[in-house]
Amino acid sequence: MTCITDINRLKNSIRNKNLVQCVVEQNYIVKKDYISKWFSVQEVSKEVLDCEFKVTFNKGELVKCEELKHMNLSDGSITTFLDTVELLGKEFVKIGRNINGVEEKGELVPHNDFFCIHKPNEVFELKCNNKINRWYFDSNGLEYKMEILDQNGRMEEVTQYFYDNRGLKDRAVTIRSNMRYTHTYQYDAQGNRTFSEWYDDNGTRKQEIAQYNQYNDIIFQDSWWGGKRIKKEFEYNYDEYGNWLECREMNDGIYVKLSIRQFKYLNH
């Protein structure tokens, strides 16, 4: 299903939303391919379509998000998924899925539940993988504590969160296996996170550094992914409204991803 992260990423990265009718985004993964020459084989990069998004706006408000994804199966066949998330006012979200042209039964989900919008002083609990995860929110609706308990209710981990005067999370303190770990975060004047420092499950300290351009789009990220340090760089082309039309991503200098956007504006 189209996840909240994808919807928020698309919505928050679009400027002049009151002028936008819809946006189509295509994401390509860059893979290695080989071309046979007379006496050799040449390695080239091949851009393979991974997924497509279409986001529809009405007077600057997001009303519908669609994700089209193709999955290659082991028997050589391709399964096509079309997931839709449609906002029905401020009360409900309609979620649907179409597989190979066949519509599945949709469902209605309360708006706040889908977007994980929590009420002031709420305690939210979720059971997953024989664990109990519990989140606590203060009078402003900000998460101030999270607990992880085993299936018998014994505490395994607790994290407390602290915020700066802008309401941005600047510190988190985790106690796990009688060890105390402090996570710290820093932001620029626009509220973009530029620095993070944390500890992994082995107690190893790690850091992430990020830089942004004048449009607040990330252009550099030095971080840890899957136990490996990776430096990411991003290059953009923009339209007259400050929305990027093309984004190229490099990991450690290697071209790995291409995203292309098409905009439909009200005055076009």
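**Exercise 1.** Which residues line the second largest pocket? Work on the predicted model shown above. Then state the pocket's volume, the classes of its lining and the elements that supply it.

*Solution.* 
- Step 1. List the lining. I7, K11, N58, E61, L62, V63, L87, G89, K90, H111 and F115 line the second largest pocket.
- Step 2. Sort the lining by class. Five residues are nonpolar, three are polar and three are charged.
- Step 3. Assign elements. Helix α1 and β3 (61-72) each give at least two residues to this lining. The largest share, three residues, is from β3.

**Exercise 2.** Describe the largest pocket: its volume, the residues closest to its centre and the elements around it.

*Solution.* 
- Step 1. Start with the volume. It is about 1100 Å³ for the largest pocket.
- Step 2. Go to the centre. The lining has 33 residues, and R9, S13, D217, I218 and Y236 are the closest to the pocket centre.
- Step 3. Name the elements. Those giving two or more residues to the lining are α1 (4-13), β1 (20-36), β2 (41-58), β15 (205-212), β16 (218-225), β17 (228-238), β18 (244-251) and β19 (254-265).
- Step 4. Find the main supplier. Helix α1 gives six residues, the largest share of this lining.
- Step 5. Sort by class. Twelve residues are nonpolar, nine are polar and twelve are charged.

**Exercise 3.** R9 and D217 are among the residues closest to the centre of the largest pocket. Find the salt-bridge partner of R9, then that of D217.

*Solution.* 
- Step 1. Take R9. Its partner is E25, with 3.1 Å between the closest N and O atoms.
- Step 2. R9 is in helix α1 and E25 in strand β1, so the bridge ties together parts 16 residues apart in sequence.
- Step 3. R9 has a relative accessible area of 34% and is partly exposed. E25 has 1% and is buried, because buried means under 20%.
- Step 4. Take D217. Its side chain meets that of R15 in a salt bridge, at 3.2 Å from N to O.
- Step 5. D217 sits in the loop between β15 and β16, and R15 in the loop between α1 and β1, so the bridge ties together parts 202 residues apart in sequence.
- Step 6. Check D217. Its relative accessibility is 7%, so D217 counts as buried.

**Exercise 4.** How many salt bridges does the structure hold? Describe the pair D83 and R97, and name the members of a salt-bridge network.

*Solution.* 
- Step 1. The structure holds 17 salt bridges.
- Step 2. Take the pair. The closest N and O atoms of D83 and R97 are 2.6 Å apart.
- Step 3. D83 is in strand β4 (residues 78-88) and R97 in strand β5 (residues 92-99), so the bridge ties together parts 14 residues apart in sequence.
- Step 4. Check D83. With a relative accessible area of 4%, D83 is buried.
- Step 5. Name the network. Salt bridges link E125, R134, K145 and E147.

**Exercise 5.** Which residues form a nonpolar patch on the surface? Is L108 buried or exposed?

*Solution.* 
- Step 1. Identify the patch. L88, F92 and L108 form it, with about 270 Å² of accessible area together.
- Step 2. Locate L108. This residue is in strand β7 (residues 107-110).
- Step 3. Apply the cut-off. L108 has a relative accessible area of 53%, so it is exposed, which requires over 50%.

Definitions and conventions
Residues are numbered from 1 along each chain as its sequence is written. This is a predicted model: local features need pLDDT of at least 70, side-chain atom pairs count only at pLDDT 80 or more; totals for chains, interfaces and linings use all residues. Side-chain values use heavy atoms; hydrogens and water are left out. Patches are made of residues with over 30% relative accessible area and no salt bridge: like charges are joined within 9 Å, nonpolar side chains (Val, Leu, Ile, Met, Phe, Trp, Tyr) within 5 Å. Accessible areas come from the Shrake-Rupley method with a 1.4 Å probe; for residues, only the protein chains shown count as cover. A salt bridge is a side-chain nitrogen of Lys or Arg within 4 Å of a carboxyl oxygen of Asp or Glu. Helices (H or I, at least four residues) and strands (E, at least two) are DSSP runs, numbered from the N terminus. Buried means under 20% relative accessible area, exposed over 50%, partly exposed in between (1.4 Å probe, protein chains only). On a 1 Å grid over the protein atoms alone, a cavity is a set of points where a 1.4 Å probe fits but cannot get out, and a pocket is an open set with protein on both sides within 12 Å along at least five of seven lines; lining residues have an atom within 4 Å of a point. Grid points are joined across faces, edges and corners, and a volume is the space filled by probe spheres set on the points. Ala, Val, Leu, Ile, Met, Phe, Trp, Tyr, Cys and Pro count as nonpolar, Asp, Glu, Lys and Arg as charged, and the others, Gly among them, as polar.
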